[in-house]
Amino acid sequence: MQPSNLLPISNPNSPPSMLIPTSSATADTMLVRSEPHIIPSSSSSTILLVQDDDDSKIETKPLLTRAFSYSSSSSSSSNLVMQQRRRRIASANSLLSGAVEGCRREMGRAASDTYVVTRLSFRLLRYLGVGYRWIARFLALGCYAMLLIPGFIQVGYYYFYSSQVLRGIVYGDQPRNRLDLYLPKNMNGPKPVVAFVTGGAWIIGYKAWGSLLGQQLSERDIIVACIDYRNFPQGTISDMVKDASQGISFVCNKIAEYGGDPNRIYLMGQSAGAHIATCALLEQAIKETGAEPRASWSVSQIKTYFGLSGGYNILKLVDHFHSRGLYRSIFLSIMEGEQGLKQYSPELMAQDPNTKNAVSLLPPMVLFHGTADYSIPCDSSKSFADTLKALGVKAECILYEGKTHTDLFLQDPMRGGIDDMLDDLITLIHGDSSETIRANSTPRKRLVPEFMLKMARSVSPF
């Protein structure tokens, strides 16, 4: 008896346990379902094994139909070509996937930051009211921003795409507990560090506001850490001071891992950020002279404090802010009531006899202010500097004639060329080597045409 040919065929359309007889001129064929059998027949017989998909231990490949079970060689070649083409397309796609994914992440971060800025702007309007005064100020702010847009675009591109900017480093467990690091190109040795707390009327502060300062200082061999913090109504002044203190602690304890010199850490704040940073510094000094256990950072780790256009006697400024549109009721909510106006006024805190020992721990204090600042008058810095000197603290107030609240922080840096405040800051940080740093640094380039800067200054709501 000649061996039979076994042809496995899977036919899911057939009912189970069904014999399908077929006939031809030369051979008899029988289709068998379920249990595999070998049916004896004549020498020319062919037994076809048909097996159910379920409970099958024999791996079978389903075929389309009997008509396609014997495909021509040309069809097989065509399928092979199509498979190779699909493999080439998949390979090309895989090469692009990395770049596309990276671009997608950057766009997502940009969109997220844009959303934060927009939300904070509308929040400011919501809490300040939408009366005639604030409609006029909002329109002025829009014109001001549009006139400076050439500079904002360049700074924004640097912020989002420069490899020297490390964004969103977590320093605490609360929302907004993030900071950005601006690193110099040349990292040959530990660099001085500026921990910077941005302004924003205690309502729209955001770490990205310090990107222009961070870029310009990092180009002069200084690491800048821009600290973000909770704003009102997400938090009140005590939350803001606590967040700033945690950010300062991170810088003091971790900056060496990023190439910073832990022995040359400077604290700086601008506008509302100057007020918050000073409160954090004084609170830390008070803790160190009290019975509380030592915190995670010390006032002695701060080499110098720099205050830019800050307000230090909030009790005196509350009426001025009200006349400028930051209404008293809102400001009292931010400062946690009438008592908070005294508790969070650095000048009054320093004058308290109970804090005499704490004030003696303060580092040198340098206060920058423009004489044409209408948002926070320069008398605020002069008075605070005089108070500190009377208490034995090394303090200095540097005034810039005719400069407004935003001249020192925005217009002058965007003008390029000589920037008096920035030069003074670099001299105070680098000391004797400041001239060498300036000579080796990239010259400051103009970011906005002069006529646009002048127009922006004239319409500025600040």
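Ser-381 has a relative accessible area of 0%, and therefore counts as buried. Please bear in mind throughout that this is a predicted model. Ser-381 belongs to helix H12. Which residues does Ser-381 touch, once those up to four places away in sequence are set aside? They are Gly-310, Tyr-312, Leu-367, Phe-368, His-369 and Cys-397.

The structure contains 12 aromatic pairs. One of them is formed by Tyr-159 and Phe-160, in an edge-to-face arrangement with 5.1 Å from centre to centre and 75° between the planes. Tyr-159 counts as buried because its relative accessibility is 3%. Phe-160, at 17% relative accessibility, also counts as buried, because the cut-off is under 20%. By contrast, the pair of Tyr-312 and Phe-384 is stacked, because the ring centres are 4.7 Å apart and the planes meet at 20°. This pair links distant parts of the chain, 72 residues apart: Tyr-312 is in the loop between strand S10 (302-308) and helix H7 (314-324), and Phe-384 is in helix H12 (residues 379-390). Both Tyr-312 and Phe-384 are buried.

Returning to Tyr-159, we find Arg-167 over the face of its ring, 5.4 Å from the ring centre.

I turn now to the salt bridges. How many does a search of the whole structure find? The search finds 16. One joins Asp-180 to Lys-207, with the closest N and O atoms 3.0 Å apart. Here too, distant parts of the chain are linked: Asp-180 lies in strand S6 (residues 178-182) and Lys-207 in the loop between strand S7 (191-197) and helix H4 (211-218), 27 residues apart. Asp-180 and Lys-207 are both buried.

Another salt bridge brings together the side chains of Arg-230 and Asp-239, at 3.9 Å from N to O. Arg-230 is buried, with a relative accessible area of 8%, whereas Asp-239 counts as partly exposed because its relative accessibility is 21%.

A further salt bridge is found between the side chains of Arg-415 and Glu-450, at 3.0 Å from N to O. The two residues are 35 apart in the chain, with Arg-415 in helix H13 (residues 407-415) and Glu-450 in helix H16 (residues 450-459). Arg-415 is partly exposed at 24% relative accessibility, and Glu-450 is partly exposed at 26%. Salt bridges with shared partners bring Arg-415 and Glu-450 into one network with Lys-403, Asp-412 and Arg-446.

Let us move to the surface. A nonpolar patch is formed there by Ile-135, Phe-138, Leu-139, Leu-141 and Phe-462, which together have about 440 Å² of accessible area.

I shall end with the protein as a whole. Its secondary structure consists of 16 helices and 12 strands. Of its 462 residues, 47% are buried. The accessible surface comes to about 23600 Å², and carbon and sulfur atoms account for 57% of it. Finally, among contacts between residues at least 6 apart in sequence, 73% join residues at least 24 apart.

Conventions
Residues are numbered from 1 along each chain as its sequence is written. This is a predicted model: local features need pLDDT of at least 70, side-chain atom pairs count only at pLDDT 80 or more; totals for chains, interfaces and linings use all residues. Side-chain values use heavy atoms; hydrogens and water are left out. Patches are made of residues with over 30% relative accessible area and no salt bridge: like charges are joined within 9 Å, nonpolar side chains (Val, Leu, Ile, Met, Phe, Trp, Tyr) within 5 Å. Accessible areas come from the Shrake-Rupley method with a 1.4 Å probe; for residues, only the protein chains shown count as cover. A salt bridge is a side-chain nitrogen of Lys or Arg within 4 Å of a carboxyl oxygen of Asp or Glu. Rings of Phe, Tyr and Trp (its six-membered ring) pair if their centres lie within 6.5 Å; planes under 30 degrees apart count as stacked, over 60 as edge-to-face and the rest as tilted. Buried means under 20% relative accessible area, exposed over 50%, partly exposed in between (1.4 Å probe, protein chains only). Helices (H or I, at least four residues) and strands (E, at least two) are DSSP runs, numbered from the N terminus. A charge sits over a ring if NZ of Lys or CZ of Arg is within 6 Å of the ring centre and within 35 degrees of the ring normal. Contact means heavy atoms within 4.5 Å.
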